[in-house]
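Here is a briefing on a predicted model. Please look over the sequence and the structure before reading the points below.

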Amino acid sequence: MAVSLAQALAALDGIAPLRYAESWDNVGLLVEPRPTRGRAAGVGRILLAIDATEAVVAEAVRRRCALLVAYHPP
């Protein structure tokens, strides 16, 4: 079941609200979708990881994930 990117981001904000981040925290959507897809685009697969390493990004691509959620940014 796919959700929109906006819905996925809202769910994440419900768990860890961005307003509680420190000014130095690297939070939020770090790579925007293509303008033709936008935040209404469907997100069918999401990979959750601790670190966004090259290997994790490669795994997300290999698994055809539309979104990678990482605790530590790249």
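Arginine 63 is partly exposed in this predicted model, because its relative accessibility of 46% falls between the 20% and 50% cut-offs. Its salt-bridge partner is glutamate 59.

**Salt bridge**
- The structure holds one salt bridge.
- Glutamate 59 and arginine 63 form a salt bridge, and their closest N and O atoms are 2.8 Å apart.
- Glutamate 59 has a relative accessible area of 23%, so glutamate 59 also counts as partly exposed.
- Side chains of opposite charge can pair when their charged atoms come close.

- S3 and S4 run parallel and are joined by five bridges.
- Leucine 48 has valine 69, in S4, as its bridge partner.
- From S3, the chain passes through H2 to reach S4, making a right-handed β-α-β crossover.

**Largest pocket**
- The volume of the largest pocket is about 1500 Å³.
- Its lining comprises 41 residues.
- Gly28, Leu67, Leu68, Val69 and Ala70 are the lining residues nearest the pocket centre.
- Two or more lining residues come from each of helix H1 (5-15), strand S2 (42-43), strand S3 (46-51), helix H2 (54-62) and strand S4 (67-72).
- S4 gives the largest share of the lining, with six residues.
- By residue class, the lining holds 31 nonpolar, four polar and six charged residues.

Conventions
Residues numbered from 1 in each chain as written. Predicted model: local features only at pLDDT ≥ 70, side-chain atom pairs only at ≥ 80, totals over all residues. Heavy atoms only, no water. 1 Å grid on protein atoms, 1.4 Å probe; cavity = no way out; pocket = protein on both sides within 12 Å on 5 of 7 lines; lining within 4 Å. Points joined across faces, edges and corners; volume = space filled by probe spheres on them. Helix = DSSP H or I, 4+ residues; strand = E, 2+ residues; numbered from the N terminus. Nonpolar A, V, L, I, M, F, W, Y, C, P; charged D, E, K, R; others polar. Salt bridge = Lys/Arg side-chain N within 4 Å of Asp/Glu carboxyl O. Buried < 20%, exposed > 50% of the residue type's maximum accessible area, 1.4 Å probe, protein only. Pairing = 2+ DSSP bridges. Right-handed = clockwise from strand over helix to strand, strands pointing away.
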